[in-house]
Amino acid sequence: MGLRNMANNLQAKVVQLCRNLQDPHHVARFQEICGVRGTFSGISSERRGEHEGLHNGACINHCQGESENCDIYGDEGKSNDGLRQRKNNVTGTRVKEDGCRNGLPNGAALTLGAGETVGSTLSACLSGDSNVAEARDTSLRNPNNGCGGERIPDADVDRLNEGSNCRSTTVKPLRKNSLTGDVGQEFLIKNKFLYYLFTFGTELGNELFYITFFPFFMWNVDAYVCRRLIVVWVWVMYLGQCTKDVIRWSRPASPPVVKVEMFYNSEYSMPSTHAMSGTAIPFELFLLTYGRWEYPFVLGLVLAFSWCVLVCMSRIYMGMHSILDVIAGFLYSILILVVFQPALEVIDNFNLTCRYAPLIIISLHLGMGLFSFTLDTWSTSRGDTAQILGSGAGIALASHLNYQLGLMPDPPLSQLPLSMPPLSAALVALSLLRFCLGVVALLVTRAAMKALTIPLVCRLTGIPCDDVRKARQHMEVELPYRYIVYGAVGFNTVYLVPQLFRCLGLS
């Protein structure tokens with residue numbers, strides 16, 4: 001009985017800790033410390049509960065005379081065109097691509113607190129209360145669909161700004177929502193250094209970083225390390241995304257959280273795949289390069305840890321994840337590294353030497369894509385998963401072909417450890433030339449394959465391709481499109497582009 005009570009008490013404490021770490025107010029507090037302020041204020045308790053109950057922190061107000069049963073993303077009773085839609089587990093509402101009709105991103109509508117009037121707000125601001133001025137400048141001027149918000153004339157808002165000591169910068173969220181097209185609401189930045197630092201940190205887990213970092217490392221640094229790093233990255237991102245679709249936790253509610261980024265706001269939150277990739281890439285890079293390249297152990301460890309911390313903290317700063325999401329992503333990624341690190345040698349040798357490797361590579365990655373598409377309704381994250389799997393399959397196939405043709409650029413073991421070449425203008429120019437030519441080749445590949453694949457798949461499946469965005473919401477189109485296009489891009493990254501370099505004398 002004593003052990004059972006101890007176990008129950010421990011379980012209760014762990015559950016309480018997890019709930020505390022998931023509290024969006026901790027995210028909002030961290031944002032405020034870093035100089036991020038939203039344009040919302042005075043949310044009542046009933047409305048705050050309504051906000052927190054909605055899917056992924058989407059903020060909805062029902063105007064007077066509006067039906068509560070009306071689909072917030074479309075007309076009441078309107079057909080869903082046969083498309084599967086992501087469902088909110090709490091409210092039963094469904095997310096569609098048309099955008100949130102009554103959505104109030106970042107709490108744009110002004111809601112006056114109890115006993116608060118427009119006149120009192122004006123008085124407070126004109127008396128020099130900069131906090132009020134900077135928090136309400138945008139929302140006073142443009143309530144943005146505010147149901148119950150009171151609009152102040154532009155002249156009065158100008159007087160507020162003139163009377164405040166605010167030195168904040170008004171900024172729009174980074175990129176519009178990938179699913180709904182919502183551009184979000186303006187917010188205020190007091191610390192520009194942290195804003196740009198964490199913007200850079202979050203980009204270390206976005207597509208732009210992947211399509212520049214991996215090719216550059218492959219063509220200019222170490223193809224052997226990059227090949228194995230991509231294997232780990234594919235598994236980390238795939239498992240993280242599938243886990244999201246199984247757990248289905250929403251992102252931190254806004255308010256109180258300020259949505260500095262909107263692109264992934266309609267996706268699930270637990271665990272943070274940014275935190276997973278931001279942990280797996282630097283630490284696996286450190287594990288693969290230490291001993292193979294000459295550099296101080298402490299330097300490599302510090303760089304990997306700094307990279308990881310920057311990406312993880314950036315997701316809290318952006319308002320995209322709770323503290324629990326980030327911690328879970330970090331620990332999950334470490335667990336995957338522990339499991340895959342001993343097997344990495346076996347996986348890489350199998351991809352290179354097994355005669356049946358091409359068939360197994362294609363089947364495995366395609367099967368993983370089909371499985372992930374069955375976990376939840378369509379969203380852009382499904383396409384990202386297929387894109388990652390296609391890239392991984394293409395790179396593995398090209399590596400197998402290079403090995404069979406004797407084109408592997410891996411140096412012999414006798415040359416290890418490798419030393420860093422002296423940095424010179426010629427080396428930098430050659431690296432940039434390779435990178436630019438390679439990227440052009442990949443862009444041409446992507447454009448050509450995209451132009452061929454989407455109409456072909458739509459014709460084979462009988463899905464109209466007049467509206468490409470709508471057609472790609474069907475699994476029958478999105479999965480083969482992403483898989484084939486980015487499989488070809490991955491293949492050319494490892495096989496075609498290096499051959500181009502050899503022909504041009506840039507090897």
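Good morning. Leu427 has its place in helix α15, which spans residues 425-461; helices here are DSSP runs of H or I with at least four residues, strands are runs of E with at least two, and both are numbered from the N terminus. The model is a predicted one, in which local features need pLDDT of at least 70, side-chain atom pairs count only at pLDDT 80 or more, and totals for chains, interfaces and linings use all residues. Residues are numbered from 1 along each chain as its sequence is written, and side-chain values use heavy atoms, with hydrogens and water left out.

Let me stay with Leu427 for a moment. Its relative accessibility is 31%, so Leu427 counts as partly exposed; buried means under 20% relative accessible area, exposed means over 50%, and partly exposed lies in between, with a 1.4 Å probe and protein chains only. Apart from neighbours within four places in sequence, Leu427 is in contact with Pro421 and Pro422, where contact means heavy atoms within 4.5 Å. Asn220 is 207 residues away from Leu427 along the chain, and their C-alpha atoms are separated by 9.7 Å.

I turn to the protein as a whole. Its secondary structure comes to 18 helices and 5 strands. Of its 507 residues, 50% are buried. Among contacts with a separation of 6 or more, 77% are between residues 24 or more positions apart.

Next, the nonpolar cores. A nonpolar core is a set of buried Ala, Val, Leu, Ile, Met, Phe, Trp, Tyr and Cys residues joined through side-chain atoms within 4.5 Å. The largest one has 73 residues, and the members that touch the most others are Phe213, Phe214, Trp233, Ile281 and Tyr317. Helix α9 gives the largest share of this core, with 14 residues. Which residues does Ile281 touch, leaving aside its neighbours within four places in sequence? Ile281 is in contact with Phe209, Tyr210, Phe213, Phe214, Leu229, Trp233 and Trp307. There is also a second, separate core of 9 residues, which includes Ala471, Tyr481, Val485 and Tyr486.

Helix α9 leads us to the helix packing. Helix α9 covers residues 223-247 and helix α12 covers residues 323-353; they pack at an angle of about 130°, with their axes 9 Å apart. The axes are lines fitted to C-alpha atoms, for helices over the stretch in contact, and angles run from 0 to 180 degrees between N-to-C directions. Why are α9 and α12 called oblique to each other? Angles under 35 degrees count as roughly parallel, over 145 as roughly antiparallel, 65 to 115 as roughly perpendicular and the rest as oblique, and α9 and α12 are therefore oblique. In this contact, residues of α9 including Tyr224, Trp235 and Thr243 meet residues of α12 including Tyr332, Phe340 and Leu352. By class, the contact of α9 with α12 has 13 nonpolar, 4 polar and 4 charged residues; Ala, Val, Leu, Ile, Met, Phe, Trp, Tyr, Cys and Pro count as nonpolar, Asp, Glu, Lys and Arg as charged, and the others, Gly among them, as polar.

A further pair is α10 and α11. Helix α11 is made of residues 297-317, and α10 packs with α11 at an angle of about 170°, their axes being 8 Å apart. The two helices are therefore roughly antiparallel to each other. The contact is made by residues including Ile281, Pro282 and Phe286 of α10 and Phe297, Trp307 and Arg315 of α11. Its residues divide into 14 nonpolar, 4 polar and 1 charged.

Thr289 is also in helix α10. Is Thr289 buried or exposed? Thr289 counts as buried because its relative accessibility is 10%. It touches Val225 and Tyr295, not counting residues up to four places away in sequence. From Thr289 to Cys226 the C-alpha distance is 10.0 Å, while the two are 63 residues apart in sequence.

Two backbone details belong to the loop between α9 and α10. Most residues other than glycine have a negative phi, and most peptide bonds are trans. Arg248, found in that loop, has a positive phi of about 60° although it is not a glycine. With a relative accessible area of 31%, Arg248 is partly exposed. Pro271 is found in the loop between α9 and α10 as well, and a cis peptide bond joins Met270 to Pro271, with omega at about -5°.

Finally, Gln499 lies in helix α18, residues 496-503. Gln499 counts as buried, at 19% relative accessibility. Beyond its neighbours within four places in sequence, Gln499 is in contact with Asn402 and Leu407.
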